[in-house]
Amino acid sequence: MAERKQVAVAVAAILNDANQILIAKRPSDKHQGGKWEFPGGKIEAGETTPEALVRELKEELGVVCAVEQMTALIDISFDYPDKSVRLDTWVVRLDAEQAQTAHGAEGQPVEWVSAQALAEYEFPQANVAIVDALLKQLG
């Protein structure tokens, strides 16, 4: 059997001033569709993860942010039956104005939730380690 190509993904655990986390619902026609996720997207050739996040957050959420607002959280690889992903996950802290502008720019539902409320949402299996790392960091 041929080895699956791994997809490199930049993932943002976005926090506002109240330490709420922004999550988005995946389109039903996409891989793991209908589940909630942390925003982000594929890392393009020549991009660093923070550069990819700056681009993706503008495209997906209408948020303009800077690399200086980001800190590395966790870098994990996960194999689904049909796909292999590497999720390079960073915490992105938004100021009040940036957080207020965040919206589903591609029509996807988005919600600000408390860390404790994350357990109430269904995430793709690969995101479980991200949730755990984020909860540990937020205490």
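1. Let's start with a strand pair: strand 1 and strand 2 run antiparallel and share two bridges. (Strands here are DSSP runs of E with at least two residues, helices are runs of H or I with at least four, and both are numbered from the N terminus; two strands pair if DSSP finds at least two bridges between them.) Leu 15 sits opposite Ile 21 of strand 2. The hairpin of these two strands has five residues between them, and Asn 19 there takes a positive phi near 60°.

2. Before going on, a word on what you're looking at. This is a predicted model, where local features need pLDDT of at least 70, side-chain atom pairs count only at pLDDT 80 or more, and totals for chains, interfaces and linings use all residues. Residues are numbered from 1 along each chain as its sequence is written, and side-chain values use heavy atoms, with hydrogens and water left out.

3. Now the whole chain. It holds three helices and seven strands, and from the N terminus on the order reads β-β-β-β-α-β-β-α-β-α. The radius of gyration is 14 Å, close to the 14 Å that the globule rule gives for 139 residues, so the chain is as compact as a globular protein of that length. (That radius is taken over C-alpha atoms, and the rule is 2.2 Å times the number of residues to the power 0.38.) Along the principal axes, the C-alpha atoms fill a box of roughly 50 × 35 × 30 Å.

4. How much of the chain is buried? Buried residues make up 45% of the 139, where buried means under 20% relative accessible area, exposed over 50% and partly exposed in between, using a 1.4 Å probe and protein chains only. As for contacts (heavy atoms within 4.5 Å), take those with a separation of 6 or more: 68% of them come from residues 24 or more positions apart.

5. Strand 6 has another neighbour to check. Strand 5 (residues 70-79) pairs with strand 6 in the antiparallel sense over nine bridges, and a hairpin joins the two through four residues.

6. Next, the largest pocket, with a volume of about 710 Å³. (On a 1 Å grid over the protein atoms alone, a pocket is an open set of points where a 1.4 Å probe fits, with protein on both sides within 12 Å along at least five of seven lines; lining residues have an atom within 4 Å of a point. The volume is the space filled by probe spheres set on the points, which are joined across faces, edges and corners.) Its lining has 29 residues, and Val 9, Arg 26, Glu 37, Gly 40 and Gly 41 lie nearest the centre.

7. Which element gives the most to that lining? Strand 1 does, with four residues. The lining splits into 13 nonpolar, six polar and 10 charged residues, with Ala, Val, Leu, Ile, Met, Phe, Trp, Tyr, Cys and Pro counted as nonpolar, Asp, Glu, Lys and Arg as charged, and the others, Gly among them, as polar.

8. Last, Glu 56 in helix 1. Is this residue buried or exposed? Glu 56 counts as buried because its relative accessibility is 9%. Leaving out residues up to four places away in sequence, Glu 56 touches Gly 40, Gly 41, Lys 42 and Leu 61.
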